[in-house]
Amino acid sequence: MSADETPLFVEGTVEVSDVDAFVADIADISAQTGATIQAFDARYVVSERHLERAVDLADRAIERGENVARDRAVEILLYAAGRRQITDALELGVTSGANRVVVLVDGRDATAAAEAVRSQVLDTVEPTLGDYDAERVKAYYDISEAELGVVDGDLEALVCERVALLVVEK
């Protein structure tokens, strides 16, 4: 992502009967368009800034050869989750059953990729960004009420801090 580009966000719902098939559908769109695509469970995404920060830091790690994952989309997932272990970060992804999702689309042909996600992957397109579960987010990122009190209850700021801390937790 260059300084003048920002990722696109596709929001909506999807019923996933087979997670592997869902991931394969996303991978096909990515391969056809050259865009990076990563789907997130909307209950964990506190804001666009949360995911934009993850993209910036993942790209920086890749540029420096410090990335954990070989795939850019997975590296973005790791940063968004604030985790170095892919299996731990996958909690932020889709699961079997009904999902409210935020799909990040970035890079080459992102507009075409976003349209393909809307039309081929999602069941409905509707706002989900910012519709997170505060208790779930606090538990996942290990954010205490005391810590929230220090930053005047700004959960977004603390999640973005967790994303940035992944860099130093090597």
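**Notebook: strand E2 and its surroundings**

I started with the pairing of E2. Seven bridges join strand E2 to strand E3, and the two run antiparallel. I note that the model is a predicted one. In this pairing I looked up Gln38, a residue of E2. Its bridge partner in E3 is Leu104.

**Entry: the whole sheet**

I then traced the sheet. It is open, has four strands in the order E2-E3-E1-E4, and pairs them antiparallel. Strands E2 (35-41) and E4 (124-125) are at the edges with a single partner strand each, so one side of each has no neighbour in the sheet. I checked what packs on the sheet. Helix H1 (residues 19-33) does, touching E1 and E2, and its direction makes about 150° with that of E2. Helix H3 (residues 72-81) lies across E2 and E3 and runs at about 35° to E2.

I looked at the E1 pairing as well. Strand E1 (residues 8-16) and strand E3 (residues 97-107) are antiparallel partners over nine bridges. Within E3, Arg100 is the residue that stands opposite Thr13.

**Entry: is E2 buried or exposed?**

Seven of its seven residues are buried, so E2 is largely enclosed by the rest of the structure. I sorted the residues by direction. Ala35, Ile37, Ala39 and Asp41 point one way from E2, while Thr36, Gln38 and Phe40 point the other way. In a regular strand, side chains alternate between the two faces of the sheet.

Gln38 got a separate check. Its relative accessibility is 13%, and the cut-off for buried is under 20%, so Gln38 counts as buried. Which residues is Gln38 in contact with, leaving aside neighbours within four places in sequence? I found Ala73, Val74, Leu77, Val102, Val103 and Leu104. I also took one distance from Gln38. Tyr140 is 102 residues from it along the chain, and their C-alpha atoms are separated by 19 Å.

**Entry: nonpolar cores**

I went to the largest nonpolar core next. It has 33 residues, and Phe40, Leu51, Tyr79 and Leu92 touch the most other members. Helix H2 (48-63), H3, E3, helix H6 (134-140) and helix H8 (155-165) each give two or more residues to this core. Apart from it lies another core, of 20 residues, including Val10, Ala35, Val101 and Leu122.

I followed Leu92 further. Beyond four places in sequence, its contacts are Ala39, Phe40, Asp41, Tyr44, Leu77, Ala80, Ala81, Tyr140 and Tyr141. Leu77 is also on the contact list of Gln38.

**Entry: the chain overall**

I counted eight helices and four strands in the chain. From the N terminus on, the order of elements is β-α-β-α-α-α-β-α-β-α-α-α. The radius of gyration is 15 Å, close to the 15 Å that the globule rule gives for 170 residues, so the chain is as compact as a globular protein of that length. Along the principal axes, the C-alpha atoms fill a box of roughly 45 × 35 × 30 Å.

Of the 170 residues, 45% count as buried. Among contacts with a separation of 6 or more, 75% come from residues 24 or more positions apart. The chain exposes about 8400 Å², and carbon and sulfur atoms supply 46% of that area.

Technical notes
Residues numbered from 1 in each chain as written. Predicted model: local features only at pLDDT ≥ 70, side-chain atom pairs only at ≥ 80, totals over all residues. Heavy atoms only, no water. Pairing = 2+ DSSP bridges. Contact = heavy atoms within 4.5 Å. Axes fitted to C-alpha atoms, helices over the stretch in contact; angles between N-to-C directions. Core = buried A, V, L, I, M, F, W, Y, C linked by side-chain atoms within 4.5 Å. Buried < 20%, exposed > 50% of the residue type's maximum accessible area, 1.4 Å probe, protein only. Rg over C-alpha atoms; globule rule 2.2 N^0.38 Å. Areas by Shrake-Rupley, 256 points an atom, 1.4 Å probe, with all protein chains shown as cover.
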